Amino acid sequence: MKPQARRSEAGAGAGRERIYIEYDSVRRPFMRGILVHSLMAHGLAFDDAYASANAVRERLRGRRSVTVEDLWQTVQDVLRERSLPEEAAGPPIGPSVRILS
């Protein structure tokens with residue numbers, strides 16, 4: 001059985017540095033797919049959510065870490081610029097995704 005290779009902090013992307021989200025003394029990697037899912041859970045169509053998440057990632061690129069509040073503000077800015085409902089950003093949340101019905 002082969003041992004599994006561990007991903008480096010730079011991530012699997014070619015030369016890309018990982019972006020970390022900081023909240024309450026916890027650092028977690030920014031994951032575009034989770035942002036897409038969250039935006040869709042708040043009413044955006046997949047294409048809008050995916051394009052918005054890509055735009056957020058591009059704005060954060062080059063920063064090693066951002067606070068959850070900075071992430072939330074960036075999402076709101078992107079949605080506003082794309083004429084999408086800012087409510088789709090949802091409230092700023094902690095390090096875990098919470099979906100309430």
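What share of the contacts in the protein with a separation of 6 or more comes from residues 24 or more positions apart? Such residues account for 49% of these contacts, a contact being heavy atoms within 4.5 Å. The structure is a predicted model, in which local features need pLDDT of at least 70 and side-chain atom pairs count only at pLDDT 80 or more, while totals for chains, interfaces and linings use all residues. Residues are numbered from 1 along each chain as its sequence is written, and side-chain values use heavy atoms, with hydrogens and water left out.

The protein has 3 helices and 3 strands, which follow the pattern β-β-α-α-β-α along the sequence. These elements are DSSP runs numbered from the N terminus (helices: H or I, at least four residues; strands: E, at least two). Of the 101 residues, 30% count as buried, that is, under 20% relative accessible area with a 1.4 Å probe and protein chains only; exposed means over 50%, and partly exposed lies in between.

The structure holds 1 aromatic pair. F46 and Y50 form this pair, which is stacked, at 5.6 Å centre to centre and 25° between the planes. Rings of Phe, Tyr and Trp (its six-membered ring) pair if their centres lie within 6.5 Å, and planes under 30 degrees apart count as stacked, over 60 as edge-to-face and the rest as tilted. Both F46 and Y50 lie in helix 2 (residues 46-60), 4 residues apart, about one turn of the helix. F46 counts as partly exposed because its relative accessibility is 46%; Y50, at 35%, is also partly exposed.
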